[in-house]
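Please study the sequence and the three-dimensional model shown below before reading on. The paragraphs that follow lead through the fold, the helix contacts and several individual residues.

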Amino acid sequence: MTQFFQKLFLEGKQQINEDPLEILFGSLSDEILLQLSEPVDTMSKQTTLEQLSQAIRPDDNALVLAMMQVTDLYNALIVVKASEQSDIHINTNSDKVFECFGLVFDKGEESL
């Protein structure tokens, strides 16, 4: 029983300490990061939460609410959209971002 609880609590702590942005983008090369810096900066200045949400999940306000609660979610989705628009391949997409942040969409609802 002791190993079970140790494993349970240890896994919980590991999950809390993991940085979703590091998980999603930590393996990107410096070259890719430099290529992304301008498109990400431009998009983050010109794109509202609502616009980004509509581009990813049209007519779904749950994503806007999730981005308001978790700012790193917005940042991660900006990187994904900027990479798509700039044709820079980063081997991730919005579905991977949702999974990394623990978002599950079911008929327009989300859970964090």
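At what angle do α3 and α6 pack, and how far apart are their axes? The two helices pack at an angle of about 115 degrees, and their axes are 9 Å apart. Here axes are lines fitted to C-alpha atoms, for helices over the stretch in contact, and angles run from 0 to 180 degrees between N-to-C directions. This is a predicted model, in which local features need pLDDT of at least 70 and side-chain atom pairs count only at pLDDT 80 or more, while totals for chains, interfaces and linings use all residues. Residues are numbered from 1 along each chain as its sequence is written, and side-chain values use heavy atoms, with hydrogens and water left out.

The overall fold comes next. The protein has seven helices and zero strands, so that its pattern along the sequence reads α-α-α-α-α-α-α. Helices (H or I, at least four residues) and strands (E, at least two) are DSSP runs, numbered from the N terminus. Of the 112 residues in the protein, 32% are buried. A residue is called buried under 20% relative accessible area, exposed over 50%, and partly exposed in between, using a 1.4 Å probe and protein chains only. The protein exposes about 7700 Å², of which carbon and sulfur atoms supply 50%; such areas come from the Shrake-Rupley method with a 1.4 Å probe, and for residues only the protein chains shown count as cover. Among contacts in the protein with a separation of 6 or more, 64% are accounted for by residues 24 or more positions apart. Contact means heavy atoms within 4.5 Å.

We now return to α3 and α6. Helix α3 passes α6 in a right-handed crossing. A crossing is left-handed if the near helix is turned anticlockwise from the far one by less than a right angle, and right-handed if clockwise. On the α3 side, the contact is made by L36, P39, V40, M43 and S44; on the α6 side, by Y74, I78, V79, K81, A82, S83 and Q85. By class, this contact of α3 with α6 has eight nonpolar, three polar and one charged residues. In this classification Ala, Val, Leu, Ile, Met, Phe, Trp, Tyr, Cys and Pro count as nonpolar, Asp, Glu, Lys and Arg as charged, and the others, Gly among them, as polar. Helix α3, which spans residues 30-46, also contains Q35. With a relative accessible area of 36%, Q35 is partly exposed. Q35 and S83 are 48 residues apart in sequence, and their C-alpha atoms are 9.0 Å apart in space.

Helix α6 (residues 71-85) also packs against helix α4 (residues 49-56), at an angle of about 55 degrees and with the axes 11 Å apart. The helices α4 and α6 are therefore oblique to each other. Angles under 35 degrees count as roughly parallel, over 145 as roughly antiparallel, 65 to 115 as roughly perpendicular, and the rest as oblique. The crossing of α4 and α6 is left-handed. L49, L52, A55 and I56 of α4 meet Y74, L77, I78 and K81 of α6, and these residues divide into seven nonpolar, no polar and one charged.

Helix α4 has a further partner. It packs against α5 at an angle of about 130 degrees, with the axes 9 Å apart, which makes α4 oblique to α5. Here α4 passes α5 in a right-handed crossing. The contact is made by L49, E50, L52, S53 and I56 of α4 and by L63, V64, M67 and M68 of α5.

Individual residues complete the picture. S94 lies in helix α7 (residues 94-100) and counts as buried because its relative accessibility is 16%. Leaving aside residues up to four places away in sequence, S94 touches I56, L77 and V80.

The loop between α4 and α5 (61-69) holds D60, and D59 lies in that loop between α4 and α5 as well. Are these residues buried or exposed? D60 is buried, because its relative accessibility is 4%, whereas D59 is exposed at 72%. The C-alpha atoms of D60 and E50 are separated by 9.5 Å.

Most residues other than glycine have a negative phi. D59, although not a glycine, has a positive phi of about 60 degrees. N91, also not a glycine, has a positive phi of about 60 degrees. N91 is found in the loop between α6 and α7 and is exposed, with a relative accessible area of 71%.
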